[in-house]
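User: I am new to this structure and would like to learn how its features are read. Could we proceed step by step?

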Amino acid sequence: MIRILGADDAQGYLELRRRALLDAPGAFAASPDDDLIATAELFREQLGRGPDSVVIGAFRDHLVGMVGLYRDRHRKSAHTLHLWGMYVAPEERRRGTGAQLLGAALEHARTVPGVEWVRLSVSDAAPAAQRLYERAGFRVWGSEPDALRVGDEMLVEHHMALRLE
């Protein structure tokens, strides 16, 4: 089941978010020590922004995948939503869960008035995620060398965009 998360999903979200940051440190700018959504209160605050800011979850008997969207707050860039925090638990990969989450996120984006673009960044530590985004129509518009550092590893961040139909 794929659905938008609510306040009651905070604990499951926090557990999966922490797992994501530990499991795939090169795929996220945040780490467990500096995550901006590390408490239930901060998660609920993120959700409080309404349709311009959502987190979508994939469930089996518990939360196994997630992806977020938020709208730029500046009027000049309010035509853009940012996709963030995409993660699918390793045991759920290769079952189409990531594609379902991404599809739900794009479907939601199309319902937000005035939104024409969805943008994201993907680390070269996550090539499977980049391929998923490319299959959905996202295209790389730029790459940032040495954007993230995980230990001694310097990672490139690829910036991607999709114009909504």
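This is a predicted model: local features need pLDDT of at least 70, side-chain atom pairs count only at pLDDT 80 or more; totals for chains, interfaces and linings use all residues.

User: Over how many bridges do β3 and strand β4 pair, and in which sense?

Analyst: Strand β4 comprises residues 80–88, and its pairing with β3 is antiparallel, over 6 bridges.

User: Which helices pack on the sheet, and which strands do they touch?

Analyst: Helix α2 packs on the sheet and touches β2, β3 and β4. Its direction makes about 115° with that of β2. Helix α3 also packs on the sheet, where it touches β1, β2, β3, β4, β5 and β7. The direction of α3 makes about 160° with that of β4.

User: What is the order of the strands in the open sheet?

Analyst: The sheet has 7 strands in the order β1-β2-β3-β4-β5-β7-β6, and the pairing is mixed. An edge strand pairs on one side only; here these are β1 (2–4) and β6 (139–150). On average, neighbouring strands are turned by 25° against each other, direction ignored.

User: Let us turn to salt bridges. How many does a search of the whole structure find?

Analyst: The search finds 8 salt bridges. A salt bridge is assigned when a side-chain nitrogen of Lys or Arg lies within 4 Å of a carboxyl oxygen of Asp or Glu. R71 and D52 form one, with their closest N and O atoms 3.3 Å apart. Because R71 lies in strand β3 (residues 63–71) and D52 in the loop between α2 (40–47) and β2 (53–59), the pair ties together parts that are 19 residues apart in sequence.

User: Which distant parts of the chain does the pair of R163 and E116 link?

Analyst: The closest N and O atoms of this salt bridge are 3.1 Å apart. R163 belongs to strand β7 (residues 153–163), while E116 is in the loop between α3 (97–109) and β5 (117–123), 47 residues apart. Both are partly exposed, R163 at 45% and E116 at 35%.

User: Which other residues take part in salt bridges?

Analyst: D9 forms a salt bridge with R3, the closest N and O atoms lying 2.8 Å apart. D9 is buried, at 13%, and R3 is partly exposed, at 31%.

Notes
Residues are numbered from 1 along each chain as its sequence is written. Side-chain values use heavy atoms; hydrogens and water are left out. Buried means under 20% relative accessible area, exposed over 50%, partly exposed in between (1.4 Å probe, protein chains only). Helices (H or I, at least four residues) and strands (E, at least two) are DSSP runs, numbered from the N terminus. Two strands pair if DSSP finds at least two bridges between them. Axes are lines fitted to C-alpha atoms, for helices over the stretch in contact, and angles run from 0 to 180 degrees between N-to-C directions. Contact means heavy atoms within 4.5 Å.
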